[in-house]
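Subject: Structure for you, with notes

Hello,

Here is the structure you will be working from. My notes follow below it.

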Amino acid sequence: MMKQEEMKNTELFDLTQTIAARLFGMYTYPWEALSHIGKCITSIGKHLPEEEYQKLGTNIWIHKSAKIARSVMMTGPAIICAGAEIRQGAFLRGNTIIGEKAVVGNSCELKNAILFNGVQVPHYNYVGDSILGYKAHMGAGAVTSNVKSDKTLVKVHAADGDIETGLKKMGAILGDGVEVGCNSVLNPGTVIGKNTNIYPLSSVRGCIAPNSIFKKPGEVVEKEVRE
């Protein structure tokens, strides 16, 4: 498991790889930013250069180099950054930031989420009330579960004690370079450290240390360092 210190924004993310860096700089832990994504988007959007971004409606900004399929459905606030690709049938439900060269694939649904640059959620993924770090990747069918079955507030279970988030809805926090296998479920309050791999068909809860391989609950091994 991870300690509370390892879950700080500065430990999980390269903050130069998101347009929302200022938001994360205001808080210690990433879940503290979840309730403020919408306001962050509208604040950033007001200052985006018109020669680079097209504005739709009152609060959706799309970089002119982004590729958006005609069948995409989106509601604001939202920012879609340079080189991002939103494929057929994707549904952006509001409060979403899609980083540079990120991919949101066919039939994916995003809601109240930040995708850092280079993130890929390319096939049948649900990402709600979650943050995905630089170049994180979710395999086909992998989803974030963002509400507990008993509807109580989400806690983050660190090795050195639980952290009360005060949130009824919190999905998963993925550090930079995390790989999530196909058809996995990330349960509410899951935090996964940098460069960790999750086996396919996993049900993940709690906090998984960086540079690990999650095979199944109770079986997490450290990655071998190859020179």
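Strands, as named here, are DSSP runs of at least two residues and helices are runs of at least four, both numbered from the N terminus. By that naming, Asn195 sits in the loop between strand S20 (190-192) and strand S21 (197-198). Please keep in mind that this is a predicted model.

Backbone

Asn195 has a phi near 60 degrees, which is a positive value in a residue other than glycine. Its relative accessibility is 34%, so Asn195 counts as partly exposed.

Lys101 also has a phi near 60 degrees, again positive in a residue other than glycine. Lys101 belongs to the loop between strand S8 (96-98) and strand S9 (103-106). With a relative accessibility of 65%, Lys101 is classed as exposed, because the cut-off for that class is over 50%.

There is a cis peptide bond from Gly76 to Pro77, with omega near 0 degrees. Pro77 is located in the loop between S4 and strand S5 (78-80).

Aromatic rings

How many aromatic pairs does a search of the whole structure find? The search finds four. One of them joins Phe13 and Phe24, whose ring centres are 5.6 Å apart with 55 degrees between the planes; this pair is tilted. Phe13 is in the loop between helix H1 (9-12) and helix H2 (21-25), while Phe24 is in helix H2, so the pair ties together parts that are eleven residues apart in sequence. Phe13 and Phe24 are both buried.

Phe116 lies in the loop between strand S10 (109-115) and strand S11 (120-123), and Phe24 in helix H2, so the pair links parts that are 92 residues apart in sequence.

Phe13, Phe24 and Phe116 together make up one aromatic cluster. Relative accessibility is 1% for Phe24, which is therefore counted as buried. Phe116 has a relative accessible area of 0% and is buried.

Pockets

The largest pocket has a volume of about 240 Å³. Which residues line the largest pocket? They are Arg22, Leu23, Met26, Tyr27, His36, Lys39, Cys40, Ser43, Ile44 and His47. H2 and helix H3 (37-45) each contribute at least two residues to this lining. H3 gives the largest share, four residues. Sorted by class, the lining of the largest pocket has five nonpolar, three polar and two charged residues.

The second largest pocket holds about 200 Å³ of space. Its lining consists of Met1, Ser203, Arg205, Gly206, Cys207, Ile208, Ala209, Phe214, Pro217, Gly218 and Val220. By class, seven residues of the lining of the second largest pocket are nonpolar, three are polar and one is charged.

Ala69 is placed in the loop between strand S3 (67-68) and strand S4 (73-74). Is Ala69 buried or exposed? Ala69 has a relative accessible area of 16% and is buried, because buried means under 20%. Leaving aside residues up to four places away in sequence, Ala69 touches Ile86, Arg87 and Gln88. Ala69 and Asn106 are separated by 37 residues in sequence and by 9.5 Å in space, C-alpha to C-alpha.

Asn183 is in the loop between strand S18 (179-180) and strand S19 (185-186). Its relative accessible area is 46%, and Asn183 is partly exposed. Which residues does Asn183 touch, not counting residues up to four places away in sequence? Asn183 touches Ala140, Gly141, Ala142, Leu201 and Ser202. From Asn183 to Gly139 the separation is 44 residues in sequence and 7.0 Å in space, C-alpha to C-alpha.

Regards

Definitions and conventions. Residues numbered from 1 in each chain as written. Predicted model: local features only at pLDDT ≥ 70, side-chain atom pairs only at ≥ 80, totals over all residues. Heavy atoms only, no water. Phe/Tyr/Trp six-rings, centres within 6.5 Å; stacked < 30°, edge-to-face > 60°. Buried < 20%, exposed > 50% of the residue type's maximum accessible area, 1.4 Å probe, protein only. 1 Å grid on protein atoms, 1.4 Å probe; cavity = no way out; pocket = protein on both sides within 12 Å on 5 of 7 lines; lining within 4 Å. Points joined across faces, edges and corners; volume = space filled by probe spheres on them. Nonpolar A, V, L, I, M, F, W, Y, C, P; charged D, E, K, R; others polar. Contact = heavy atoms within 4.5 Å.
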